[in-house]
Amino acid sequence: MDDPCLEATLRRELAEEVPGLEPTGLMPFAVERATSVDGLAVPVQVYGGRWNGDPDTVDLREGVLLRWFTVDMLDRLSLSPGLGDLIRCHAAKHPAADGPPDGARPLSGEAPAGTELHIVGVHLHLQDEHGRILLGLRHPVSKFAPNTWHFLTGHCEREAAITCLVREAKEEVGLIIEPDDVELVHTVHHVDSPGARPRIGLVFRAHSWTGTPEVLEPDRCVEWRWWKPQDLPAEVVPYTRRAIEGILGGRPYSEMGWGER
């Protein structure tokens, strides 16, 4: 590395990858450890800084999209391991000024201020030739539903719901699903608590697939198992159980947390 210091390296990389994004007040914040392609543990210096520009005005040369997000929106995103905790830690130590940066624009079609944005999740309902349903056991340290059985699931990014489902099936469990082999079989509109953000769970059934379920993201799921619908384990995510009951009963929609019907 020919740069005189790590900050110079960061500024050089920014100039090469996103000309026009020039942060101020750069200060070292934390050191993260990543694994290189040859398996070595590499320390990564993380900097904090400020920038009030419009992401649409920069010349993005690597990656596909830049957007502003608040901390409470992190659950909507797929993040690299540890990044969410790092951002939350920084936000707790350095509270942001009120309101979005000057000149920043919301995502096209985003709801106006004061509107409660819903988190949209996709869920895969698979039944084998014996009628058994595939569920995964969430990791014991998961923030959501640890040691509990759940559908294969993922949050929609800037993508169609079925595209998200197909991607998550391949990434999480190693199954290849064709979009034309998928149909929506149930929708759950739920909220976990009065202060939580509401969620819309789209449950899709895949009529065919290739591959055998395997644990590909052990930090999220520790086991995949086929269960008879009448013999589901006691520890199932409540809205997952509600969706399975709805599917078996031929009901396309259910609600939870809004006042039971």
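A: Let's start with threonine 187, which stands opposite tyrosine 253 in strand 10. This is a predicted model, in which local features need pLDDT of at least 70 and side-chain atom pairs count only at pLDDT 80 or more, while totals for chains, interfaces and linings use all residues. Residues are numbered from 1 along each chain as its sequence is written, and side-chain values use heavy atoms, leaving out hydrogens and water.

Strand 10 covers residues 253–256, and four bridges pair it with strand 7 in the parallel sense. (Strands are DSSP E runs of at least two residues, helices H or I runs of at least four; two strands pair if DSSP finds at least two bridges between them.) Strand 7, residues 182–190, is also joined to strand 8 by eight bridges, and here the two run antiparallel. Within that pairing, histidine 189 stands opposite isoleucine 200 of strand 8.

Helix 2 gives the most, with four residues.

Now for the charged pairs: a search of the whole structure finds 12 salt bridges (a side-chain nitrogen of Lys or Arg within 4 Å of a carboxyl oxygen of Asp or Glu). In one of them, arginine 167 meets glutamate 159, with the closest N and O atoms 2.6 Å apart. Glutamate 159 is partly exposed, at 22% relative accessible area (buried is under 20%, exposed over 50%, partly exposed in between, with a 1.4 Å probe and protein chains only).

Elsewhere, salt bridges link Asp3, Arg12, Glu13 and Glu16 in a network. Arginine 12 pairs there with aspartate 3 at 2.9 Å, N to O, and with glutamate 13 at 3.5 Å. Aspartate 3 is buried at 16% relative accessible area, whereas arginine 12 is partly exposed at 32%. Glutamate 13, at 28%, also counts as partly exposed.
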